[in-house]
Amino acid sequence: MAVSLQTKYPLRPITNIPRSHRPSLLRVRVTCAVSTTTKPQPNREKLVVEKRLVNPPLSNDPTLQSTWTHRLWVTAGCTTVFASLAKSIIGGFGSHLWLEPALAGYAGYILADLGSGVYHWAIDNYGDESTPVVGTQIEAFQGHHKWPWTITRRQFANNLHALARVITFTVLPLDLAFNDPVVHGFVSTCAFCIMFSQQFHAWAHGTKSKLPPLVVALQDMGLLVSRRQHAEHHRAPYNNNYCIVSGAWNKVLDECKVFEALEMVLYLQLGVRPRSWSEPNSDWTEETEISNN
């Protein structure tokens, strides 16, 4: 048996990379098609080399900057959340209810952390940029695994606007439909934690010396997801510590292997493999920040 090899492009060192791209990651994709026969035949194998440069976002990248549209959505989201909170407080005064709205608010805080973990697990492992509705978030989270430090460069409204839009359309009808202080105790706290979960997430990537002392204190008390806990999520095999509000659910979910069980059910029922089964690969391998100078 003989195998013939012919290269479509000769392999030689790449030296003509522009200076502006030198800090970037260089990827080379190689595709081979092989034919084997019992008789020697030329030109049966083709080797195609594709050169591609992938750049991490820069600190002044427009995609990290807030726009007026972002700010308006965050303002709208905050308005609906604080309107719900006001209804809870005013209703509590009027009906002399204190314990029930407070307990409902605590339940909202706990469930928001669980919800953030389930959603984070889902978009980390399933779908891509072409997925309807959430495709852009899936793409962003994949980029986040590649360059996790960029979340600390995102401006406030840029980081929160997508969730703020969802919160606005969800909470506004509830503000108009209900006056129950217990309902709004739950809604306001849960919605606030969900909308600001990406900010809590950004703080979990921050440097302790650069974070506000109050944030560090809340992280150390376990009221916000800690830097150490979330760092475990960014280590192979990238299949744990998904919750990003307080992180209170992470230990339970990981020790009970809840997400692993869900992945197996989805695979057996639908034949869909989660990304965590085949990671890490080059798309999820974390890169350190490179100076642009």
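Is Lys 257 buried, exposed or partly exposed? Lys 257 is partly exposed, with a relative accessible area of 44%. The sections below come back to this residue after a look at the whole chain, which is shown here as a predicted model.

## The chain as a whole

Let's start with the overall layout. The protein chain contains 10 helices and 3 strands.

Of the 293 residues in the protein chain, 37% are buried. The chain's accessible surface is about 17300 Å², and carbon and sulfur atoms supply 62% of that area. Among contacts with a separation of 6 or more, 71% are between residues 24 or more positions apart.

## How confident is the prediction?

The mean pLDDT of the protein chain is 81, with 74% of its residues at 70 or more. Looking element by element, helix 5 (residues 181-195) has the highest mean pLDDT, 97, while strand 3 (residues 46-54) has the lowest, 37. Residues 17-54 have a pLDDT below 50, and in the model this stretch has 72 contacts beyond near neighbours in sequence.

Residues 284-293 also deserve a careful eye, as their pLDDT stays under 50. For these residues the model has 23 contacts beyond four places in sequence.

His 120 sits in helix 2 (residues 99-125). With a relative accessible area of 1%, His 120 is buried, because that value falls under the 20% cut-off.

Which residues does His 120 touch, leaving aside its neighbours within four places in sequence? The contacts are Phe 141, His 230, His 233, Tyr 242 and Ile 244. With Tyr 242 there is a polar approach as well: a polar atom of the His 120 side chain lies 2.8 Å from the backbone oxygen of Tyr 242.

## Helix 3

Phe 141, one of the contacts of His 120, is also among the buried residues of helix 3. This helix covers residues 135-146, which is 12 residues. From first C-alpha to last, helix 3 reaches 17 Å, close to the 16 Å expected at 1.5 Å a residue.

The buried residues in helix 3 are Gly 135, Gln 137, Ile 138, Phe 141, Gln 142, His 144, His 145 and Lys 146. As background for reading such a list, an α-helix has 3.6 residues a turn, so residues three or four places apart point the same way.

## Backbone features in the loops

Val 133 is not a glycine, yet its phi is positive at about 70°. Val 133 belongs to the loop between helix 2 and helix 3. At 81% relative accessibility, Val 133 counts as exposed, because this value is over 50%.

Lys 257 also has a positive phi, about 55°, although it is not a glycine. Its place is in the loop between helix 9 and helix 10. A further point to look for is the cis peptide bond that joins Ala 236 and Pro 237, with omega about 10°. Pro 237 lies in the loop between helix 8 (227-233) and helix 9 (250-255).

## Salt bridges

How many salt bridges does a search of the whole structure find? The search finds 2. Arg 235 is partly exposed at 44% relative accessibility, and Glu 232 is partly exposed at 37%.

Lys 257 takes part in a salt bridge with Glu 260, the closest N and O atoms being 3.9 Å apart. This pair counts as a salt bridge because the cut-off is 4 Å. Glu 260 has a relative accessibility of 36% and is partly exposed, and Lys 257 is partly exposed at 44%.

## A look at helix 10

Met 264 is located in helix 10 (residues 258-270). Met 264 is partly exposed, because its relative accessible area of 39% falls between the 20% and 50% limits. The C-alpha atoms of Met 264 and Pro 274 are separated by 9.0 Å, and these residues are 10 apart along the chain.

Note on methods. Residues are numbered from 1 along each chain as its sequence is written. This is a predicted model: local features need pLDDT of at least 70, side-chain atom pairs count only at pLDDT 80 or more; totals for chains, interfaces and linings use all residues. Side-chain values use heavy atoms; hydrogens and water are left out. Helices (H or I, at least four residues) and strands (E, at least two) are DSSP runs, numbered from the N terminus. The expected span of a helix is 1.5 Å times one less than its number of residues. Buried means under 20% relative accessible area, exposed over 50%, partly exposed in between (1.4 Å probe, protein chains only). Contact means heavy atoms within 4.5 Å. Accessible areas come from the Shrake-Rupley method with a 1.4 Å probe; for residues, only the protein chains shown count as cover. pLDDT is the predictor's confidence in each residue, from 0 to 100. A polar contact is a pair of N or O atoms within 3.5 Å; within protein, one must be able to donate a hydrogen and the other to accept it, and residues adjacent in sequence count only if both atoms are side-chain atoms. A salt bridge is a side-chain nitrogen of Lys or Arg within 4 Å of a carboxyl oxygen of Asp or Glu.
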